Amino acid sequence: MKKTAAFLSLGCKVNSYETEAMRESFVSAGYDIVDFKELADVYVINTCTVTNIADRKSRQMLHQAKKRNPEAIIAAVGCYVQASEEALLEDSSVDIVVGNNKKSDIVTLVERYQESRNKEELVVDINQEREYENLMVSSTMDKTRVFIKIQDGCNRFCSYCIIPYVRGRVRSRDFEDILAEIKELADKGYKEFVLTGIHISSYGTDKKNAEDEDKERMPLAELIVEVGKIDGIERIRLGSLEPRIITEPFVQKIAGVKQFCPHFHLSLQSGSNSVLKRMNRKYSADEYYEKVLLLKKYFDNPAFTTDIIVGFPGETDEEFQETLEFVKKIGFSQIHVFKYSQRAGTVAAKMPDQIPQIKKNERSNALTEVATAMSKEYKALFKGRIEKILIEEEIEIGDKKYQIGHNERYLKLAIDSNHNYTNTIKEAKVIKDLTDEILYCEIIH
């Protein structure tokens, strides 16, 4: 009887990609994969540590797995491991502890534990790692869209962020490996590819050296161009970008790739220059706005999404008002609003003037209200337009079924479910709001 393994990925899309790669390594080793809620011989939890809440969730899932099957092997891997190695080594619910940049060794460690029943540990000093861990996937749970990890690590050290300490310095994946993986997946019928990483704006910067005479190289833009040459690819998206990468040569290059989607997740965090400085964000609100205007110059009605933290230490009512006014100036299609949470080990956690929770709640509600109105305004621009929808799945709303998917600008669109169009692109006319999140369309025959 085959042994079984179950997986859970917490946190970001990079974690999801790495979990898919680990899942494949267990399949290759002869394991059957079961749902995390089922009984399994091995449970692998790819943890997150971006906030204290993420730490708690990681611990809960590890303990939940052990409770479900006390005889199972419990493997904690990833960012929470990197931040809390000693605590996990003392945790009786955890049998294997694996940090970042060593996830490719997970099957070996599990097999070794099966023989010895001695706690296994593989956590390196991530700040000394300079090589990219070359994980790969050949299929995903998603039938249409694939996230492709192109780099790891971050050198920015924003004052609120623990990630550079648990992911290490920037390490970029080789062009050839990325293109080979994407080609294999495109040959299998996947149509949309999202290039992701911990800080993709830094992709390729670690490959440059003092003798590099070509100072105008744009590794990320060059990668996008090469991906666009692969047969079968209908769409290329990017994960989160920092404003500094948006230069005219960069935008000109990506605008020439017909499959590139004009949806930009430009990380903002605050619209106040004084808050941005305390956050160590390296750009001003004016610089951010200039980048938005540059993108609008080359793309028709691009979608801008972003993340904003409210209640950062010392944020005054005036500074928050600056953020409110700034987001209105940009006109985002979606904003992810986060209430600042102290994260041990970061500079911001020790800053004076921590904001009371009640004030954070008030600001979160105010910004969310503005964001909701902006999102509605942006979606309204598409009513009456013909849009291309990559159909992803069928859903039921009320007593009716719909096929839903996204357009290039990542708006969620729905058509009547009278045929299975999964993983095909349909042209349809936007008619009306179906829900607050979804627009209803009629297929153009």
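How many bridges join E11 to strand E12, and do these strands run parallel or antiparallel? Here are my notes; keep in mind that this is a predicted model.

1. To settle that opening question: E11 and E12 (residues 303-310) run parallel, and three bridges join them. If you'd like to find one of these contacts yourself, look at Phe264, whose bridge partner in E12 is Phe304. As background, strands of a sheet pair through backbone hydrogen bonds, either parallel or antiparallel.

2. Now zoom out to the sheet. It is open, has three strands in the order E11-E12-E13, and its pairing is parallel. Strand E11 (263-265) and strand E13 (334-339) are the edge strands: each has a single partner strand, so one side of each has no neighbour in the sheet. Going from one strand to the next, the twist averages 15 degrees.

3. Next, the aromatic rings. Searching the whole structure turns up 16 aromatic pairs. Take Tyr160 and Phe312: their ring centres are 6.3 Å apart and their planes stand at 85 degrees, so this pair is edge-to-face. Tyr160 belongs to the loop between strand E7 (145-152) and helix H6 (163-167), while Phe312 belongs to the loop between E12 and helix H12 (317-330), so the pair ties together parts that are 152 residues apart in sequence.

4. Phe312 has another pairing to look at. With Tyr340 it makes an edge-to-face pair, 5.4 Å centre to centre and with 70 degrees between the planes. Tyr340 is in the loop between E13 and helix H13 (357-380) and Phe312 is in the loop between E12 and H12, so here the parts tied together are 28 residues apart in sequence.

5. Tyr160 comes in at 13%, so it is buried. Phe312 has a relative accessible area of 0%, so it is buried too. Tyr340, at 4%, also counts as buried.

6. Remember Phe264 and Phe304 from the first point? They turn up again in an aromatic cluster, together with Phe260 and Phe299.

7. Last, some charges over rings. The charged end of Lys329 sits over the ring of Tyr289, 4.1 Å from its centre. Elsewhere, Arg68 lies over the face of Phe36, at 5.4 Å from the ring centre. Both are worth a look on screen.

How values were computed. Residues numbered from 1 in each chain as written. Predicted model: local features only at pLDDT ≥ 70, side-chain atom pairs only at ≥ 80, totals over all residues. Heavy atoms only, no water. Pairing = 2+ DSSP bridges. Helix = DSSP H or I, 4+ residues; strand = E, 2+ residues; numbered from the N terminus. Axes fitted to C-alpha atoms, helices over the stretch in contact; angles between N-to-C directions. Phe/Tyr/Trp six-rings, centres within 6.5 Å; stacked < 30°, edge-to-face > 60°. Buried < 20%, exposed > 50% of the residue type's maximum accessible area, 1.4 Å probe, protein only. Lys NZ or Arg CZ within 6 Å of the ring centre and 35° of its normal.
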